[in-house]
Amino acid sequence: MNRFLRFAVLCALLTLAGGCGAALAAEAAGTTPAPAEELAPKLCLDQQIYCESDGTYTLTLQAWAETGADAPGPQGELRYTLAPEYTMTEETDVQAYAVDKTHSGWGQVKLDLPGLQLSTDAATGTITVTGFDYTTNAVSAKPRLDGAGRTTFGRRLMVRVRGLRADYAETFGGCGVTAGSGGVYFPENGGTQPVCCAAFPAAAADIPLRCSYAPADQTLTAEQEVNFGYMINPPGGNAGNMPDGHNNAWCTLRYTVSDGTGPVAEYTVPAGIPVSGGSWTVWPGETFRAPAEYTVTVTLCAVKDPAGDPPPQGSAQRLVLQSRALAKAA
């Protein structure tokens with residue numbers, strides 16, 4: 001037993017000596033041991049977008065600074081631009097306000113702070129908020145007194161956009177369609193470009209697939225073949241929506257041409273590719289000259305979202321349209 005105690009004491013002394021030696025070596029070198037790493041304060045941004053029951057979208061932007069962060073004062077600007085797939089309408093309501101931090105979370109009361117200014121441009125989908133002092137309103141875990149002598153834990157800036165709609169002139173829809181982009185900026189200085197302090201993380205929502213399509217009839221002259229490309233991309237420019245590489249960025253289109261016996265041709269346009277860049281996945285190998293009636297089925301399938309996840313089930317995943325085209329003799 002005594003031998004064990006002596007061994008334990010010896011180990012303790014060696015450990016203590018090692019620690020002292022390290023400290024002495026650091027002191028001799030003119031340095032001090034590095035303290036445990038602490039998380040640096042930062043400017044925090046968050047955004048969310050979700051679809052309401054009436055088919056409109058609500059976008060929420062949040063921005064705040066932690067105590068000690070290198071954050072802008074009231075000159076800092078929150079700037080945000082909607083993705084072209086979403087649009088503001090006359091019914092769109094945009095609000096900017098502050099919310100208090102409490103000892104247990106975030107308050108629910110909307111604070112209309114003096115100097116807070118909001119501007120929107122529906123044509124470009126831009127939102128700008130100025131007048132929020134990120135430094136004075138910095139959030140902390142411990143309470144402090146504000147300029148009026150009141151106890152505060154800080155505040156965050158909130159921007160809520162209600163009544164956004166999908167712009168089907170810009171998109172056929174899809175899964176995980178990005179909401180937009182932006183951040184908090186230091187103001188311009190001496191004519192230079194504003195500096196982005198922090199950017200909003202990505203947020204996305206599903207947009208139900210939608211497009212119009214109406215193949216045109218054909219008139220065949222003697223010995224003329226049926227032009228299946230004519231059914232896929234009818235002339236006139238107003239027979240329906242053709243994929244241009246942008247409006248089908250989130251979905252693949254497949255055109256299937258069938259007669260009374262079944263499919264006779266199929267043309268596929270991958271997501272993000274214009275109709276001219278598609279290919280025949282079922283080549284029309286027969287020569288068709290006899291007048292007949294054909295059914296063109298257009299199938300839109302949502303591609304995987306940017307995170308690589310399969311699209312969820314629902315109206316944003318798959319859409320099937322059918323239309324008839326007649327090939328008749330002159």
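Me: Which residue is the bridge partner of Val296 in strand 20?

Reply: Strands of a sheet pair through backbone hydrogen bonds, either parallel or antiparallel. In this structure, Val296 has Ser323 as its bridge partner in strand 20, and strand 20 is joined by 10 bridges to strand 19 (residues 292–302), the two running antiparallel. Two strands are said to pair if DSSP finds at least two bridges between them; strands are DSSP runs of E with at least two residues, helices are runs of H or I with at least four, and both are numbered from the N terminus. This is a predicted model, in which local features need pLDDT of at least 70 and side-chain atom pairs count only at pLDDT 80 or more, while totals for chains, interfaces and linings use all residues. Residues are numbered from 1 along each chain as its sequence is written, and side-chain values use heavy atoms, with hydrogens and water left out.

Me: In which sense do strand 15 and strand 20 pair, parallel or antiparallel?

Reply: Strand 15 (residues 218–220) and strand 20 (residues 318–329) pair in the parallel sense, over 3 bridges. Within this pairing, Gln218 has Ala327 as its partner in strand 20, and Thr219 stands opposite Lys328 of strand 20.

Me: Where is the place of Arg324, and which residues is it in contact with, leaving aside its neighbours within four places in sequence?

Reply: Arg324 has its place in strand 20. Contact means heavy atoms within 4.5 Å, and on that reading Arg324 is in contact with Pro215, Asp217, Glu293, Tyr294 and Thr295 once the neighbours within four places in sequence are left aside. Glu293 is 31 residues from Arg324 along the chain, yet their C-alpha atoms are separated by 7.0 Å.

Me: Does Arg324 count as buried or exposed?

Reply: Arg324 counts as exposed because its relative accessibility is 53%. Buried means under 20% relative accessible area, exposed means over 50%, and partly exposed lies in between (1.4 Å probe, protein chains only). Ala292, which lies in strand 19, counts as partly exposed because its relative accessibility is 26%. Not counting residues up to four places away in sequence, Ala292 touches Ala325, Leu326 and Ala327. For the protein as a whole, 38% of the 330 residues count as buried.

Me: Where is the place of Glu223?

Reply: Glu223 has its place in the loop between strand 15 and helix 2 (228–232). Although Glu223 is not a glycine, it has a positive phi of about 65°, and its relative accessible area of 63% makes it exposed.

Me: How many residues lie between strand 6 and strand 7 in their hairpin?

Reply: The hairpin of strand 6 and strand 7 has 4 residues between the strands, and Gly125 in the turn has a positive phi of about 70°. Strand 6 is joined by 5 bridges to strand 7 (residues 126–130), and the two run antiparallel. The bridge partners in strand 7 include Thr126 for Asp121 and Thr130 for Gln117.

Me: What kinds of residues, nonpolar, polar or charged, form the lining of the largest pocket?

Reply: The lining divides into 2 nonpolar, 6 polar and 7 charged residues; Ala, Val, Leu, Ile, Met, Phe, Trp, Tyr, Cys and Pro count as nonpolar, Asp, Glu, Lys and Arg as charged, and the others, Gly among them, as polar.
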